[in-house]
Amino acid sequence: MIIMKHVSLHVGSFHLHEINLHVRKGEYFVIVGPTGSGKSSVLNCIAGHYEIDSGDLWVDGKRSNSVAVEERDIGYVFQDGLLFPHLNVHKNIAFGLKLRKNGGRDGVENRISNICKLFGISGLVERSVYNLSGGEKQRIALARSMICEPKAMLLDEPFSSVDRNTAEKLMIEFRRIQRQTQQTVVHVTHNQEEAMMLADRICVMNDGRFIQTGTPMEILRRPNSEFVADFFGAHNIFRGTTMIEGGLSRIEYEGNYIYSNEQRTGDVVFSVRPEDVVISLNNTQANGRNNYTGSVKQIVDRGIIIQILVDIGFPVVNYSLRNSFLHMGLKVGDSVNVSFEESAVHII
């Protein structure tokens, strides 16, 4: 559906480097990365707001490097929605259809009615956009873009202007609608949880480059770089030296041995996700070779999740659910057992 081949772009001092991208028809594709990594620049290249310096852009089988913005048949939803303040909800949603003179008056009204039902905004159609909530405004912006049935929708941080609870509800609702309509979506965000909730595939971006593309689980469980592991919250990222022992990699780090079922030799970077680290008051939960004793050094209350730092000869972060944490009654200075499976140790 959308293909970028070796696309490069200079905008001021910023540079997109050799971007290669393939978004499939009907796919929900999320580009995630820190602020300033170039995510919005990729969208602007697809939309035609930026003219690429080199490379090729294909949209629905057509080379689109020089195709005018209005001829690309692509919807664009911005962070704040950008509704027309002088038009009511109905006229905002109808705006794109009227520009296209698509379907006659009866056809337009029927499509507006259907899209409003889909987004749950039928009761708002005659209202001014001034007094709407942030969530209502974003529903209308999404409906206005989708009603024209574009070849693709480009979403630029569409849920970052509303509070977290509203954003989560909007994401769940929009993902349901996207699956129902099979609308192709390219969505950019700096929020890792948002990417995990929505994406069929995720592309991680940094400094104008695509670092890794894969399914949410591939990105989370098998990061291809220290940057991706850190950006997706691995926390436990170390450098060691490994050799093969009994079919496993034995990694030496800070005088300790860590075992992984990913076979590699030499100097390596490896990671263990905090949710894979098990803390217990005895060693009955221990499984495999990665079993250690240590002392609790820090406890951070993150709401549902409690983040626990344990020194086992090197610092390891654990995520525990609040109920489990309260059941153990842990406090700083307590001695605990720490374990994690060989399959949880990823060699990057």
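Strand S7 (residues 152-156) and strand S8 (residues 185-189) run parallel and are joined by four bridges. Helices (H or I, at least four residues) and strands (E, at least two) are DSSP runs, numbered from the N terminus. The model is predicted, so local features need pLDDT of at least 70 and side-chain atom pairs count only at pLDDT 80 or more, while totals for chains, interfaces and linings use all residues. Residues are numbered from 1 along each chain as its sequence is written, and side-chain values use heavy atoms, with hydrogens and water left out.

**The sheet**

- Strands of a sheet pair through backbone hydrogen bonds, either parallel or antiparallel.
- Two strands pair if DSSP finds at least two bridges between them.
- Leu155 has His187, in S8, as its bridge partner.
- Six strands form an open sheet in the order S6-S7-S8-S3-S9-S10, and the pairing is mixed.
- Strand S6 (74-77) and strand S10 (209-214) are the edge strands, each pairing on one side only.
- From one strand to the next, the twist averages 20°.

**Helices on the sheet**

- Helix H1 (residues 39-47) packs on the sheet and touches strand S3 (28-32), S6, S7, S8, strand S9 (201-206) and S10; contact means heavy atoms within 4.5 Å.
- The direction of H1 makes about 150° with that of S7; axes are lines fitted to C-alpha atoms, for helices over the stretch in contact, and angles run from 0 to 180 degrees between N-to-C directions.
- Helix H4 (residues 134-146) also packs on the sheet, touching S6 and S7, and its direction makes about 170° with that of S6.

**Salt bridges**

- Side chains of opposite charge can pair when their charged atoms come close.
- The whole structure holds 15 salt bridges (a side-chain nitrogen of Lys or Arg within 4 Å of a carboxyl oxygen of Asp or Glu).
- Arg221 forms a salt bridge with Asp276, with the closest N and O atoms 2.7 Å apart.
- Arg221 lies in helix H7 (residues 216-221) and Asp276 in the loop between strand S14 (266-272) and strand S15 (278-280), so this pair ties together parts that are 55 residues apart in sequence.
- Asp276 is buried, at 18% relative accessibility, whereas Arg221 is partly exposed at 28% (buried means under 20% relative accessible area, exposed over 50%, partly exposed in between, with a 1.4 Å probe and protein chains only).
- Arg239 forms a salt bridge with Glu226, the closest N and O atoms being 2.6 Å apart.
- Arg164, Glu168 and Glu193 are linked in a salt-bridge network.
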